[in-house]
Amino acid sequence: MAAGIPHPFQQLWLRYREYRTRVILGFTLSTIRKIMDVMPELLIGAAIDVVVRGSDSFVASLLGVTDRREQIVWLAVINAVVWILESTSDYLASLTWRNLAQQVEHDLRLEAYEHVQGLDMAWHESHPTGATLAVINDDVNQLERFLDSGVDRLWQLALNVVLVGAVFAASSLTLTVMAFLPIPVIIVGSMWFQRRLQPRYAAVRASVARISGLVASNLGGMATIKSFTAEARELDRVRAASETYRLANAEAIRASSAFVPLIRMAILVGFTMTLLLGGWMALDGRLEIGLYSVLVFMTQRLLWPLTQVGEVLDLYQRAMASVRRILALLDEVPVTLPGTETVPSITGALELRGVRAGYGEGPDVLHDLSICIPAGEAHAFVGPTGAGKSTLLRLLLRFTDPRDGQVLLDGVDVRELTWEGLRGQIGYVAQDAFLFEGSVADNIAYGRPDATREAIELAARQAEASSFVEAMPLGYDTHVGERGVTLSGGQRQRLALARAILRDPAILILDEATSAVDNETEAAIQRSLAEVSQGRTTVMVAHRLSTVRNADRIWVIDAGRVADAGTHDELVRRPGPYADLWAVQTGDLAAS
């Protein structure tokens, strides 16, 4: 770990201050449980002491009871109390740790998801979805597993050494040294194994992210895979990723599995020394028989749990690799941050003033672009692929910010507006209309969850979607499936348009809304737009010029600059890129 960077658990401790009381309670209950867990060995030694020494036993001197049978009864009562306390504290400790693990898992997953939602679209486009899913799901689950049992087990191991060590120290210094002789070896070995395991589990987590990303991508592109009969090829890719994961895990397993056998050898030394030296001391009268039996049991109690160190370290290293990935995700900083200003009443006037923009570190896509869109007008942007039309829409939505210049809404720089003040005023219909799993009504009402059924149906009618929706088995309550796979492309587009209409935005932005629909659907969408764009600022990007011919103004974008602008009739009448494109699309080559 780099100098100055807090340990991952320290960062979690600082991040979740509200759970500190529950953590302390968990450690307290675990401590009580371990104290009670050690008591039976002491009671066995006390019982043997009663049988051997009678009225001179430790119990007799402690309780003032000389009768052996009565002493045994007292030991039985104490034993019952110890077992009840151990069982109760075990239940409460388990409840505390497991609920704490679940709550931290819940909070961390929500925090990670909320943080991811706040990152820029450019970040999402440059990071595989599957890798992000692996962090939010699998890595958070790894941490939950460690908090559920690993922390408590580590604490139990430490307490075991302290408590048993106290018993040994009070009994015989020589036996204490002999019994504890293997522990430094175990600790050094554990640290060595930890260093070896850390990079291996980091490789395991990276492999999991790779598999998740690949499978998520393939499931999303299943139609393409099938259409190109690429099933075998994709299976090979998944097999290769899975094999990488298997080999990474095998490396980690090989290192962690070697730990327990080595620990057993160290335990053998400590147990043998206690058995021999303690036995000789008891035979020589230098150690009470009852105490000798306690120490033999305690040696097992001291050293045998250390065989779990490998398993706990395994959980620990997996958790640490996951926590580092979670914290790295949470450390991602969005470049585009919301402003603080909200315009009370939006008219929808848009302006790009000397805008220069591009993607990441790449070259400029838009060059000194200046465009004015008066409130309530419908403006369209056309041009060849790669001209910068989609970049322009991203600027209006603030999916990215210009490198130079300003984007203004009602004269206010959009960087000064809150997200609700900007995007809350926009209805957006993407080229690839995305529908969420749920009913038709749920999808139409996505931008306005409190909408009435009447408002939902009106929006559907305005989007020319009501006819096919009402023909469905359950109408507006029909389930559309994940990403709306049960609907055609045109149906999805019309539902997406209804969703934007229902929001009643000041600005309507349409990105290739008719690019993947048939002529009948295009005509239906055109009728919808003619109605809903009245008195509303409408910005359209289209390749089909028939979609935008009624726009108040058409901007021809080429190589990130305005090549021409005017109404459809004006642009068709004069030679230029628009007239050429219109001639190609209509077959009227004479117009060119």
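Student: In which strand does Asp-368 lie?
Tutor: Asp-368 lies in strand S2, residues 364–373; strands (E, at least two residues) and helices (H or I, at least four) are DSSP runs numbered from the N terminus. The model is predicted, so local features need pLDDT of at least 70 and side-chain atom pairs count only at pLDDT 80 or more, while totals for chains, interfaces and linings use all residues. Residues are numbered from 1 along each chain as its sequence is written, and side-chain values use heavy atoms, with hydrogens and water left out.

Student: Why is Asp-368 called exposed?
Tutor: Exposed means over 50% relative accessible area, buried under 20%, and partly exposed in between (1.4 Å probe, protein chains only). Asp-368 has 59% relative accessibility, so it counts as exposed.

Student: What makes the phi of Asp-368 worth a remark?
Tutor: Most residues other than glycine have a negative phi. Asp-368 is not a glycine, yet its phi is positive, about 45°.

Student: Which loop holds Asp-410, and why does Asp-410 count as partly exposed?
Tutor: Asp-410 is in the loop between strand S4 (404–409) and strand S5 (412–413). Its relative accessibility is 22%, so Asp-410 counts as partly exposed. Asp-410 also has a positive phi, about 50°, although it is not a glycine.

Student: How many aromatic pairs does the structure hold?
Tutor: The structure holds 7 aromatic pairs.

Student: Why is the pair of Phe-27 and Trp-155 called edge-to-face?
Tutor: Rings of Phe, Tyr and Trp (its six-membered ring) pair if their centres lie within 6.5 Å; planes under 30 degrees apart count as stacked, over 60 as edge-to-face and the rest as tilted. The centres of Phe-27 and Trp-155 are 5.0 Å apart and the planes stand at 70°, so the pair is edge-to-face. The pair links distant parts of the chain, with Phe-27 in helix H2 (residues 20–53) and Trp-155 in helix H6 (residues 129–171), 128 residues apart.

Student: How do you know whether Phe-27 is buried, partly exposed or exposed?
Tutor: Phe-27 has 26% relative accessibility, so it counts as partly exposed. Trp-155, with a relative accessible area of 30%, is partly exposed.

Student: What makes Phe-146 and Tyr-316 an edge-to-face pair?
Tutor: Their ring centres are 5.8 Å apart and their planes are at 65°, so the pair is edge-to-face. Phe-146 and Tyr-316 are both buried.

Student: Over which ring does the charged end of Arg-423 sit?
Tutor: A charge sits over a ring if NZ of Lys or CZ of Arg is within 6 Å of the ring centre and within 35 degrees of the ring normal. The charged end of Arg-423 sits over the ring of Trp-419, 3.8 Å from its centre.
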